[in-house]
Amino acid sequence: MQPRNMSMSGVVDLAAVKAAGEAKAKAEQARAEAARTGASGAVAPASLVIDVDEAGFERDVLQRSTEVPVVLDFWAEWCEPCKQLGPLLERLAVEYNGRFLLAKVDVDANQMLMQQFGIQGIPAVFAVVAGQVLPLFQGVAPEAQIRETLDQLIQVGEERFGLTGITVDPDAGTAGAAPAEAPAGPYDALLEAAASALDANDFGGAIQAYKNVLTDDPANPEAKLGLAQAELLGRVQSMDPQAVRKEAAENPADVDAQIAAADLDLVGGHVEDAFGRLVEAVRRTAGDDRNTARLRLLELFEVIGPEDPRVTAARTALARVLF
């Protein structure tokens, strides 16, 4: 369930000393020019999140990266994990108040950028600092890990490149406009209550608590993961494992029996067995039964996490039997 490449290791190697010196000089020149002209250079909070395309990449990313670290979020409308990660990154961009700029790249509309960055899957997150490209992570990650990575990125930008960020004016661009809606969250108290209920085997309470978070923030990754786990544990708590496995063994074509056994497999730590059982159920069946098995398999993927290699392998196997 851990994202790949969530590390700032290798930054020093990627960021050449010459580039660092040039970036510092450019940043100092920009600050001096702003002081001379009296321009504040302040931007509105909404300007901390921008959409970027191939035509504007040099101006909006490479040039801006000499002033502030630019975080690139490669996403697509059809990508469900992107819908979890994107709102979180947008909220953090506003919260970090100009210490980094978030640039969102729609890969469907910008295939060349996707190829240039060598992206194999989305969501994928990179940073550009003083023109230097740094891979950060791929897939959805816990907020705490993302914050840690951003903190390291900002530190590198300040210490090696002299990037102090951009000034944010909360009143900029708001004249005559309706007040901006505050970003969703945080939901620490609700999530803590849900986790406590889960630890106490109060699966109904945990499910409701996670749903309460998702009502306001449908893409909240922690709540989505917690809900999937709570629902799984709630399903198996009243099962007779011996009877369930006997039923599944004697009735391989019974989708409900295979689904129940797959739930037990996963709770018991037999992840590949659970996935393999449901992939086989999809292969054997058609119509509503096939769709029921497929949907349960997707739910179990949520429990493990999209970046787990077992999920990746099972997705490939599922695609083979479906298509």
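Me: Is Cys79 buried or exposed?

Reply: A residue counts as buried under 20% relative accessible area, as exposed over 50%, and as partly exposed in between, with a 1.4 Å probe and protein chains only. Cys79 has 3% relative accessibility, so Cys79 counts as buried. This is a predicted model, in which local features need pLDDT of at least 70, side-chain atom pairs count only at pLDDT 80 or more, and totals for chains, interfaces and linings use all residues. Residues are numbered from 1 along each chain as its sequence is written, and side-chain values use heavy atoms, with hydrogens and water left out.

Me: To which residue does a disulfide join Cys79?

Reply: In general, a disulfide is a covalent bond between the sulfur atoms of two cysteines. Here the term is applied to a pair of cysteine sulfur atoms within 2.5 Å. The structure holds one disulfide, and it joins Cys79 to Cys82 with an S to S distance of 2.4 Å. Cys82 is buried as well, because its relative accessible area is 7%. The torsion about the S-S bond is about 80 degrees, so the disulfide of Cys79 and Cys82 is right-handed.

Me: How many helices and strands does the chain have?

Reply: Helices (H or I, at least four residues) and strands (E, at least two) are DSSP runs, numbered from the N terminus. The chain has 14 helices and five strands. Of its 323 residues, 44% are buried.

Me: At what angle do the axes of α12 and α13 cross?

Reply: Axes are lines fitted to C-alpha atoms, for helices over the stretch in contact, and angles run from 0 to 180 degrees between N-to-C directions. Angles under 35 degrees count as roughly parallel, over 145 as roughly antiparallel, 65 to 115 as roughly perpendicular and the rest as oblique. The axes of α12 (residues 271-284) and α13 (residues 287-304) cross at roughly 160 degrees and come within 8 Å. The two helices, α12 and α13, are therefore roughly antiparallel to each other.

Me: Which residues of α12 and α13 meet?

Reply: Contact means heavy atoms within 4.5 Å. Among the residues of α12 in the contact are Val271, Phe275 and Leu278, and those of α13 include Arg290, Leu297 and Phe301. For classes, Ala, Val, Leu, Ile, Met, Phe, Trp, Tyr, Cys and Pro count as nonpolar, Asp, Glu, Lys and Arg as charged, and the others, Gly among them, as polar. The contact of α12 with α13 has twelve nonpolar, no polar and four charged residues.

Me: How are α11 and α13 oriented to each other?

Reply: The axes of α11 (residues 255-267) and α13 come within 10 Å and cross at roughly 10 degrees. Helices α11 and α13 are therefore roughly parallel to each other. On the α11 side the contact includes Ile259, Asp263 and Leu266, and on the α13 side Thr292, Arg296 and Val303. By class, eight nonpolar, one polar and three charged residues make up the contact of α11 with α13.

Me: Which residues does a cis peptide bond join?

Reply: The bond joins Ile122 and Pro123, with omega about 0 degrees. Pro123 is in the loop between α5 (111-116) and β4 (124-129).

Me: What is the phi of Asn97?

Reply: Asn97 is not a glycine, yet its phi is positive, at about 55 degrees. Its place is the loop between α4 (80-95) and β3 (101-106). Asn97 counts as partly exposed because its relative accessibility is 47%. Ala130, also a residue other than glycine, has a positive phi near 50 degrees. Ala130 lies in the loop between β4 and β5 (132-138), and is buried, with a relative accessible area of 11%.
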